[in-house]
Amino acid sequence: MSQITINHLTFSYEGSADNIFTDVSFSIDTDWKLGLIGRNGKGKTTLLQLLMGNCSYSGSIHTSTLFDYFPYAVTDEQMLLPAADFLEDLKSEYELWRVICELEQLHETADLLYRPFHTLSCGERTKILLSVLFSTDHHFLLIDEPTNHLDQQSREQTAAYLASKKGFILVSHDRDLLDQCIDHVLVLNRQTIEVQKGNFSSWWENKQRKDQFAQAENEKHLAQISKLQRAAARTNTWADQNERTKIGFDPIKATDRPTRAYIGAKTKKMQRRSKQLQNRMQQQIEDKKGLLVDLEDVIDLKMNPLIHPKKTLVNLKDYCAQYTNAKSPVFTDLTFSIQKGDRIALHGKNGCGKSTLLNILLQKAGYAAAFPIPVLTPCSTKPDTDTFPIMDIGSAQIYETGICETASGLTISYISQNTSMLEGSLSQFCEKQALNESLFCAILRQLALEREQFQKDLKEYSQGQKKKVLLAASLLTPAHLYIWDEPLNYMDVFSRMQIEKLLLDVQPTILFVEHDTRFREKIATKTIALEVS
């Protein structure tokens, strides 16, 4: 057991006018299972990179421990190879027998190491990299969002695995994962950093109490300041009125009036009292400072769903789809419908066809499938499945049987899980997507995106910030049906809570894929389970 001590850490990226960290100091223990919590863009990944020594900074980081970072970077060339051929490139001191033992704890067998890496699912790749990460001792591990894109079973296995370990920092926005895995939290608040014992739920409960106390104290200080302002104003008025009685005063003729010296002394006394009130008021203002600096003011979001004249927006019956170059169907005998007001979650393992189904529905409704941006482009022709059993989905073709139909005139707002196409300025994005830039930026501010980010290229955004761009565009697009493909990946906890409240308040018709169990259970009125064929 040892300590990691950070003193007076200050860091900003080259060319940036704002610091990510300013004069930050804290200490953590290398035996802790530490959850790193904070808004998108607050510097969680940056902090891990600073610990790894990948960036220059001012201040000091003192520790005797070694660090290792997840996820490892896997090159395009390595993707074509079995993992066993490049494990040494990822971690030179790895031991194969330890990797295999770690894989067994993740409910996988050693044969994963001998299959081409690109043929593995997201969950299988994550498990291999985690096994390599934990295959040696004497490292303090920095784990950055290990469950993104993982299905529920893989998430549960990863959570149980991490819960059995110690000596790591875990960056995650999955509340259930944090509750299961960690025993301390390191929180990057709006203005401060705090370290606290417990998991996410205990920290959140403490934060709510702290915020309520801060708001109550703030209101008390505001009331006291207002009272002192009124008292000071009255005293100033009295002093001025008293001083004016000296005007036109002749002490020889007006012997029955107080002397000028007496009037002056009384005025000075009133002025001293006014000054004392102002000093007390200033003290109240100083005491008020800092009360609300870390308050997470979660602002209510808005959306404007359209009302379609038909009750049934999507209908599938005995539907089967298979890629033309595949040996087996993506799914078979799929039967369900989407009625107005439904909030339907597609659920299943990675590779069971969730995104494929979403793209098929987009194509059926007359939109180009697989777009990474929310405002979709109408297709030039709508496939007629009775005449053409083969349909194009992006660069692939699918053979289909059964019924899959969408209501005519259906307007869809779509969020893709892919953000790689986002580039250029926000103004260019709004122009391309025909969005009102002022309203669009207002939604981003409500999602806690700082104004300084508006001037940056979208390529410089964090993954969570890119997701907020897609989400804001979708919320600003009136639609009959919202189709969201893993909208919460990389999204911070507070934004997830905002979206939950919005969907429960507005109750739009939505079909979504999301592996965050807590979100899915709160939002979905119906869950459609897809099985891997």
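Analyst: Start with a definition. Rings of Phe, Tyr and Trp (its six-membered ring) form a pair if their centres lie within 6.5 Å. Planes under 30 degrees apart count as stacked, over 60 as edge-to-face, and the rest as tilted. This is a predicted model: local features need pLDDT of at least 70, side-chain atom pairs count only at pLDDT 80 or more, and totals for chains, interfaces and linings use all residues. Residues are numbered from 1 along each chain as its sequence is written, and side-chain values use heavy atoms, with hydrogens and water left out.

User: What makes Phe200, Trp203, Trp204 and Phe494 a cluster?

Analyst: Ring pairs link these four residues. The whole structure holds 13 aromatic pairs.

User: Why is the pair of phenylalanine 67 and phenylalanine 140 called edge-to-face?

Analyst: The ring centres of phenylalanine 67 and phenylalanine 140 are 6.1 Å apart, and the planes meet at 80°, so the pair is edge-to-face. Phenylalanine 67 sits in strand 5 (residues 66-70) and phenylalanine 140 in strand 6 (residues 139-144). Strands (E, at least two residues) and helices (H or I, at least four) are DSSP runs, numbered from the N terminus.

User: How do you know whether phenylalanine 140 is buried or exposed?

Analyst: Buried means under 20% relative accessible area, exposed over 50%, and partly exposed in between (1.4 Å probe, protein chains only). Phenylalanine 140 has 1% relative accessibility, so it counts as buried. Phenylalanine 67, at 16%, counts as buried too.

User: What makes helix 10 (residues 354-364) largely enclosed by the rest of the structure?

Analyst: 10 of its 11 residues are buried, so helix 10 is largely enclosed. Among the buried residues are Leu357, Leu358 and Ile360. Glycine 366 follows helix 10, and its phi is positive, near 95°.

User: What is a nonpolar core, and which residues of the largest one touch the most other members?

Analyst: A nonpolar core is a set of buried Ala, Val, Leu, Ile, Met, Phe, Trp, Tyr and Cys residues joined through side-chain atoms within 4.5 Å. The largest has 40 residues; Phe134, Ile143 and Leu170 touch the most other members. Helix 5 (residues 122-133) gives the most to this core, with five residues. A second, separate core of 37 residues includes Phe429 and Ile499.

User: How do you know that arginine 98 lies over the face of tryptophan 97?

Analyst: A charge sits over a ring if NZ of Lys or CZ of Arg is within 6 Å of the ring centre and within 35 degrees of the ring normal. Arginine 98 lies over the face of tryptophan 97, at 5.8 Å from the ring centre.
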